[in-house]
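Please keep the sequence and the structure at hand while reading.

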Amino acid sequence: MAKHTVTLIPGDGIGPEITSAMRQVVEATGVDIEWELADAGEHVMGEYGTPLPDYVIESIKKNKVAIKGPVTTPIGTGFRSVNVALRKALDLYTNLRPAFSIPGTGARYEDVDIVIVRENTEDLYAGVEFEEGTPEAAELIAFVAEKGAGTIRPDSGISLKPISISGSERIVRWAFEYALANHRRKVTAVHKANILKYSDGLFLRVAREVAAEYEGRVEFEDRIVDATCMGLVLRPDQFDVLVLPNLYGDIVSDLAAGLVGGLGIAPGANIGAEYAVFEPVHGSAPKYTGQDVANPTAEILSAALMLGHLGEREAAQGVLAAVKAVLAEGTRVTYDIKRTNTGSTEGSVGTQAYADAIIEKIG
Ligand code: NAD
């Protein structure tokens, strides 16, 4: 029997190609994994009537660990997002997105080593929205006026931003525990508490309370989100672990991906108390579907995070070392890496050939 059973969700667009590359790389490490295929995304809607069939959730609940490719967010179907639904269904409250420099990516910086810890279940992603022109929106606008809480134009659509004490407490604690376990120096809480007093203000207050418990063990500071963005671009080495509410976390993690070479190499993980789902930061890049050109690095590095989570540290390090070696050589890299390095895609290789180069290094 396999040592680990992992749910595999290939997803939409470039998902099947990059997850296939990832799977081959993981198998090359010799780790014993049984892949339980449970697909989700736009392309399964015809068969199941939903992009997220129940059996996918059941499979993850059984196996506790899943790795997925990106899925396309269906537009105009009433289904918001598979990713948001998955994170909610499994209470995957942490979105971990490390951004670290790898020589050979052609990135603007060489000394980035940042870990983004994004809250994954609330904030503007809670999905509580009122469409412009509906009786519900009108009622809410009237309620706000009646309570003297402010004036909202009648032709407004409204999205609510709930941030709770419990939600903030567990994500900040997770960030500190991560910092301790991974020998990190500092946690920075990122917010806009000067303007959003009751949501971000609460997040900051809770962050300070939790930080006090770690005093002397992990440094703490807080920063306003706009200043954080400026600071990241100016001098990224001043940051270590960042903990952010959902929306800022989403935006700042793409910014951080840009500092280290782009979306093609940015891995991620969604982690809860019971389950973990690993996935790249990027989306399904529909225009590259089936062309064997997408960069599978982000998916492969997400698998390295997964191997670490499964306790397979040596295999995780082996995958990372092999990716680094291939990027450092710079001869067998995908179009995006080639373009950042040389300004042209000339001489780049496809998804499979790049995966083969990594497998060669592991071997
Ligand atoms: P995207 O990440 O798919 O693409 C942004 C840009 O980066 C495009 O130019 C794309 O070609 C490029 N790119 C992305 N991944 C790449 C890779 N591995 N190799 C080379 N180039 C790559 O973002 P988008 O276009 O905004 O979204 C497309 C779809 O993906 C949407 O439906 C969106 O909702 C969905 N999405 C899903 C996830 C997820 O499943 N976790 C995350 C983000 C977006």
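## Helix 11

What distance should the 17 residues of helix 11 span at 1.5 Å a residue, and how far apart are its end C-alpha atoms? The model is a predicted one. Helix 11 covers residues 313–329 and should span 24 Å; its end C-alpha atoms are 24 Å apart, so the two values agree.

Which residues of helix 11 are buried? They are Ala315, Ala316, Val319, Ala322, Val323, Val326 and Leu327. An α-helix has 3.6 residues a turn, so residues three or four places apart point the same way. The other side of helix 11 carries the exposed residues Arg313, Glu314, Gln317 and Ala328.

## Helix 6

Helix 6 is made of residues 165–181, 17 residues in total. From its first C-alpha to its last, helix 6 reaches 24 Å, close to the 24 Å expected at 1.5 Å a residue. Its buried residues are Gly167, Ser168, Ile171, Val172, Trp174, Ala175, Phe176, Tyr178 and Ala179.

Both ends of this helix have a feature to note. At the start of helix 6, the backbone nitrogen of glycine 167 has a side-chain oxygen of serine 164 within 2.8 Å. Just after helix 6, histidine 183 has a positive phi of about 55 degrees.

## Asparagine 120

Asparagine 120 sits in the loop between strand 5 (113–119) and strand 6 (129–130).

## The ligand site

How many residues surround the ligand? There are 20, and the closest are Val71, Thr73, Gly283, Ala285 and Asn295. By residue class, the shell around the ligand divides into ten nonpolar, seven polar and three charged residues.

A polar backbone atom of glycine 283 is 2.6 Å from an oxygen atom of the ligand, and a backbone N or O atom of alanine 285 lies 2.8 Å from a ligand oxygen atom. In the side chain of glutamate 279, an N or O atom is 3.1 Å from a nitrogen atom of the ligand. The ligand taken alone exposes 810 Å², and the protein buries 70% of that area.

Key: Residues numbered from 1 in each chain as written. Predicted model: local features only at pLDDT ≥ 70, side-chain atom pairs only at ≥ 80, totals over all residues. Heavy atoms only, no water. Near = heavy atom within 4 Å. Polar contact = N/O pair within 3.5 Å; in protein donor to acceptor, adjacent residues only side chain to side chain. Areas by Shrake-Rupley, 256 points an atom, 1.4 Å probe, with all protein chains shown as cover. Nonpolar A, V, L, I, M, F, W, Y, C, P; charged D, E, K, R; others polar. Helix = DSSP H or I, 4+ residues; strand = E, 2+ residues; numbered from the N terminus. Expected span 1.5 Å × (residues − 1). Buried < 20%, exposed > 50% of the residue type's maximum accessible area, 1.4 Å probe, protein only.
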